[in-house]
Amino acid sequence: MYFVLIETAGNQKYIFSTNKLKENIGASELTYQASTKWLLEAIGNISNNQPLTVWQDSQRLRQTLLSPEKNPPIEASEQNHIEVIVAASGKALVLTRTEEQATRLIQAVTHKALIEAPGLEVLGVYLPFEWERDALGEKNRELHQRYEAVRATRPSADLRFLRVPIAADCQNSSLPAAMLRANPDGGSPQTLSQMSVAKQSASDGGKERVEKLLKKSLPNCGFAGDTNDLEKIKDLDWLAIVHADGNGLGQIFLNFHEHIEATTAADNRDYINQLRQFSIGLDICTEKAFLSALDQLPASPTTDPDKQLIPLTPLILGGDDLTVVCDGRSALPFITKFLAAFEQETAVSHEGVGNIVAEVAQAALGVNRLSACAGISIVKLHFPFSVAYELASALIKSAKRKISTMISNPVIDKRFPCSALDFHIVYDASDVSFDRIRSKLTTSTSEKSEEKGTEAPPALLYKRPYVVTPMEKLAETTGVAWAAFHNWQNLLSQVKVLTAIDEEGRKVLPNSQVHDLRVALYQGKAVADARYRLIRDRYPKQGLTTLAGDDLSLFQSEPGTNIPMTALIDALDASEFMRRPQTDQPTATESAVLA
């Protein structure tokens, strides 16, 4: 028998290499189809007797994969030629009976990708194995190592788009144009590359596939299909690019056989069934968490009286990944609810897969749930999308890096499930690199270090990232003090102070005073603290101590590093993006804070 891995590479570059939202949606859909729809079509061409050949939608695909009749165990009969273990967005694991079937399967899928999705990198590798002798868990690890080795030797997909002879530039990408297309807005025809055309053609299918998830809970709602749809939404002036990703899932998959104690050839069937269920269960958890968080986004009316438009465009939704473009003023409530819901969904049973996700999490992490991190970049409507996504990607890396360093399970010395987020609002578009942004959010301490009289490290004007996981779930971790310091609920308490309104409808803390505090922060810690004490004494009953580290300072030393930090700028930024302008009504998150 043969163990086959087909996986797409460079997904982020492929999906987000253009500023056209319609093309981003189409690119995501093509990445999904490569290891699902195209895979089933290829299996149908290879094995006419294989019942796993009919493509309908992602829901039917899961049911088919879990069905022994439609996806029969390969070892049960000589007539069973192909069995699919995993068929998810961008990745497929398959068993074939012969080497010819393995090579034909890879050839069919990669050839389809060359035609239907120019620029998408799809690579397949396979390994022989003996069912009675080889443990599939170890073979899976070896298969992925071979994939990485082969991938390293392949030339870039960019070399497929040569510029000799000279060709005009595609107006949506850096590639050479392959055709002219009529401009829907009039004017000169559009010059488009093969990649742009393919992505645009797949866009509607991608939108429809995700919208099917809404039918049961929100039958009269739809998602925005492109930037034009978003621009039509009343009062929408900011967009957010939200990128969320599960923590530690790559390592869990590689060591999956150890977590379920299927380490011998005798355990192969158990390994296959549980890996398939875990992959599908992860999809279900992410989708359910996504749907539960949609109530943070107010739907807008459309020209169709029976349909409303949710100010959100899903780009990636599958596995443990979520990337969306949405209303910037609802992004923070949306993602905090998603992260909380993701933890909850991974801890409970789901139809068809049972408690597999929670059980594997317990074995791998010592806790019966998974967690995720998110990066949120909030920008103006016409800000370059690819740049905003790069910032969101850097923000999620910041959150993951911090929690992996600071939060761990003291019992088994492994990372502990902890969800966190990092965010930034782009007011100044002149330089939006992550390192440059954070370097500007520092101020002098005007203090000397005890050693050799040197200057102490600068104070930080932010506390990001913030921990979303409830503190009671982190009570036994090694980093509980750090998590409490960066707790999201603390930031919401500060937002409550900054947005509090008196009986006459005026802000309890005047904007002028808040502005003075913000300006003072950039003048150094001593100046900021002096200004804070002055304002605190002027408004003794307004809860200003909530904004501070202690009674005398806006700053507080971070546990584990002793670096002075303040969350005031974080709270000021968040306070502008916690209320929906369409209705001027608080979200569910705000209501809990303001109660």
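Is Cys170 buried or exposed, and what is its relative accessible area?

Reply: Cys170 is buried, with a relative accessible area of 4%. Buried means under 20% relative accessible area, exposed means over 50%, and partly exposed lies in between, using a 1.4 Å probe and protein chains only.

Some background comes before the rest. This is a predicted model, in which local features need pLDDT of at least 70 and side-chain atom pairs count only at pLDDT 80 or more, while totals for chains, interfaces and linings use all residues. Residues are numbered from 1 along each chain as its sequence is written, and side-chain values use heavy atoms, with hydrogens and water left out.

Another cysteine, Cys418, has 1% relative accessibility and also counts as buried. The structure holds zero disulfides, a disulfide being a pair of cysteine sulfur atoms within 2.5 Å. Cys418 is thus in none, and its nearest cysteine sulfur, that of Cys373, is 7.0 Å away.

Now to a sheet. Helices (H or I, at least four residues) and strands (E, at least two) are DSSP runs, numbered from the N terminus. Two strands pair if DSSP finds at least two bridges between them. An open sheet is formed by four strands in the order β2-β3-β1-β4, with antiparallel pairing. The edges are held by β2 (82-88) and β4, each with a single partner strand, so one side of each is left without a neighbour in the sheet. From one strand to the next, the twist averages 15°. Angles run from 0 to 180 degrees between N-to-C directions, and axes are lines fitted to C-alpha atoms, for helices over the stretch in contact.

Strand β1 (residues 2-9) is joined to β4 by eight antiparallel bridges, and to strand β3 (residues 91-96) by six, also antiparallel. Leu5 stands opposite Leu93 in β3 and opposite Val125 in β4. Helix α6 packs on this sheet, touching β1, β3 and β4, and its direction makes about 135° with that of β4; contact means heavy atoms within 4.5 Å. Six of the eight residues of β4 are buried, so β4 is largely enclosed by the rest of the structure.

The loop between β4 (121-128) and α6 (136-153) contains Asp134. Asp134 is buried, with a relative accessible area of 13%. Leaving aside residues up to four places away in sequence, Asp134 touches Phe129, Lys139, Ala265 and Asn268. The side chain of Asp134 reaches the backbone nitrogen of Glu130 at 2.8 Å and makes a polar contact with the side chain of Arg133 (3.2 Å). A polar contact is a pair of N or O atoms within 3.5 Å; within protein, one must be able to donate a hydrogen and the other to accept it, and residues adjacent in sequence count only if both atoms are side-chain atoms.

One further strand pair can be described. Strand β11 (residues 312-318) is mostly covered, with seven of its seven residues buried. Six bridges pair β11 with strand β12 (residues 321-327) in the antiparallel sense, and Val324 in β12 is the bridge partner of Pro314. The hairpin of β11 and β12 has two residues between the strands, and Gly319 takes a positive phi near 60° there.
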